[in-house]
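Have the sequence and the 3D view open while you read.

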Amino acid sequence: MVQGKKVIVGVTGSIAAYKSAFLVRALIRKGAHVRVVMTPAAEQFIPPITLATLSRHPVLRDLADASGQTWNNHIELARWADVLVIAPLSANTLAKLAHGLCDNLLTAVYLSARCPVVLAPAMDEDMWLHAATQANVTTLLQRNHHIVPVEHGELASGLVGMGRMAEPENIVAFLEDLFQKKTQPSPLDGLAALVTAGPTFEPIDPVRFIGNYSTGKMGIALAEALLEHGAHVTLILGPSVEPVPASNQLKVIRVHTADEMYQQTLRFFPQAKITIMAAAVADYTPAQPAASKLKKLEHESMTLTLRPTTDILHELGQLKQPGQVLVGFALETDYEFDNALQKLYKKNLDFIVLNSLRDPGAGFGHDTNRITIIDRNGQSLAFPLKTKREAAQDIVNFVATLLKSSAASE
Ligand code: CTP
């Protein structure tokens, strides 16, 4: 609930700056206290008087006022706020925040802020998708800042694509959600959670392996979503180059093979109240990996003998104690629902997350996923295509609902 909340709205130089007028008006109507901080570039897009009138307070732009006599204390301002929202956030200011540059009042306020930071980027699609921008976004997410997803639509360039700033009502809804989460502690708060993620690499010899296309993105997003609920997370991560969040509530254990993943998962499972197995674990591994590099053979084919690995999830299903929540994934191409439900029963899970490889945008490598959650009663909940981050939040919210209902029935 934003009523009574102290909100700093930062406005940067972007065509979408006109939308910040609607944002400020919506926040004031909902009873928030708003102070607007503009960057010098923002004034080319919206006059300060509009935002001053709507927010009922002078807009702050400089570190000192025009007379040069009065200091706009950015530290005091940053400490006053319950939340700092920067909307629109240009590619330029986004880069400055990621790198800690401080050349105007808004960037100074950002560096002094201890409150949650909510960012609503706005830029052309090419700028948004550029590796530099995406790397900066990753840096900001690793700082646990919130990014309001950009929307698809008409852009200032006249092109149509990703990069439009979220509509003001969606930003307000995002803030309502954030404050609600903060005021109503999650049932996962303080609990131990265990997540497996990424592929496994099974050595053939010292330079070759059998692997799969998993990147680890889904499992890392799950770890992030669990952290947002206040859980203490152990992430057992196969070979993945994806960035992991920086948090003192997160322990990351790096492994390579299915056997290593099994050993490490067993170590942490007894303490874990919630376990989510998102890793794509190899079902078979070379029976006898060669100690030195295999040389090319004279004949045309070669045979590699494989032995089965342990089905970690199945094993945990046997060890599971009352009160522990165990969640698995099923990646299927045929008879998706039936196969997933069978896996759920066979592995003794509380629920299973089904991914269909037939869905465009779902599965390995993508930033998006389309999931269906199936519970022990065979009830299913199909979600639309979402970012992996959002899909992870849906899964963790489902865990929270499960914990709440089992606490209520005790
Ligand atoms: N899993 C596991 N250990 C394995 C294989 C799979 O813990 N050795 C887990 C995965 O992390 C996932 C679930 O089991 O949560 C299902 O994985 P999936 O590959 O879809 O199923 P499998 O049981 O391996 O069956 P199949 O490959 O025949 O579909």
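A polar contact is a pair of N or O atoms within 3.5 Å; within protein, one atom must be able to donate a hydrogen and the other to accept it, and residues adjacent in sequence count only if both atoms are side-chain atoms. The model is predicted: local features need pLDDT of at least 70, side-chain atom pairs count only at pLDDT 80 or more, and totals for chains, interfaces and linings use all residues. Residues are numbered from 1 along each chain as its sequence is written, and side-chain values use heavy atoms, with hydrogens and water left out.

**Ligand site**

- A backbone N or O atom of A279 lies 2.7 Å from a ligand oxygen.
- A polar atom in the side chain of K347 sits 2.5 Å from an oxygen atom of the ligand.
- For D283, a side-chain N or O atom is 3.1 Å from a ligand oxygen.
- On its own the ligand has 570 Å² of accessible area, and the protein covers 76% of that. Accessible areas come from the Shrake-Rupley method with a 1.4 Å probe; for residues, only the protein chains shown count as cover.
- The ligand is surrounded by 16 residues, the closest being M277, A279, F329, K343 and K347. A residue is near a molecule or strand if one of its heavy atoms lies within 4 Å of it.

**Whole chain**

- The protein chain has 13 helices and 21 strands. Helices (H or I, at least four residues) and strands (E, at least two) are DSSP runs, numbered from the N terminus.
- Its C-alpha trace spans about 85 × 60 × 35 Å along the principal axes.
- Of the 410 residues, 48% count as buried. Buried means under 20% relative accessible area, exposed over 50%, and partly exposed in between (1.4 Å probe, protein chains only).
- The protein chain exposes about 20,100 Å², with 53% supplied by carbon and sulfur atoms.

**Eight-stranded sheet**

- An open sheet of eight strands runs β12-β11-β8-β13-β16-β17-β19-β20, with mixed pairing. Two strands pair if DSSP finds at least two bridges between them.
- β12 (250–254) and β20 (380–382) are the edges; each has a single partner strand, so one side of each lacks a neighbour in the sheet.
- From one strand to the next, the twist averages 15°. Axes are lines fitted to C-alpha atoms, for helices over the stretch in contact, and angles run from 0 to 180 degrees between N-to-C directions.
- β8 pairs in the parallel sense with β11 over six bridges, and T196 stands opposite I236 in β11.
- β8 also pairs in the parallel sense with β13, over four bridges; there V195 has I276 as its bridge partner.
- Five of the six residues of β8 are buried, so the strand is largely enclosed by the rest of the structure.
- β17 (residues 351–356) and β19 (residues 371–375) pair in the antiparallel sense over five bridges. I352 has I374 as its bridge partner in β19.
- Helix α9 (residues 217–228) lies across β8, β11, β12, β13 and β16, at about 165° to β8.

**Helices α4 and α7**

- In α4 (residues 91–99), the buried residues are A91, T93, L94, K96, L97 and A98. They pack against β3, α5, β4, α6 and α7.
- G100 follows α4 and has a positive phi, near 75°.
- T133 lies in helix α7. Its relative accessibility is 9%, so T133 counts as buried.
- A polar side-chain atom of T133 lies 2.7 Å from the backbone oxygen of M127.
- Leaving aside neighbours within four places in sequence, T133 is in contact (heavy atoms within 4.5 Å) with L94, M123, M127 and W128.
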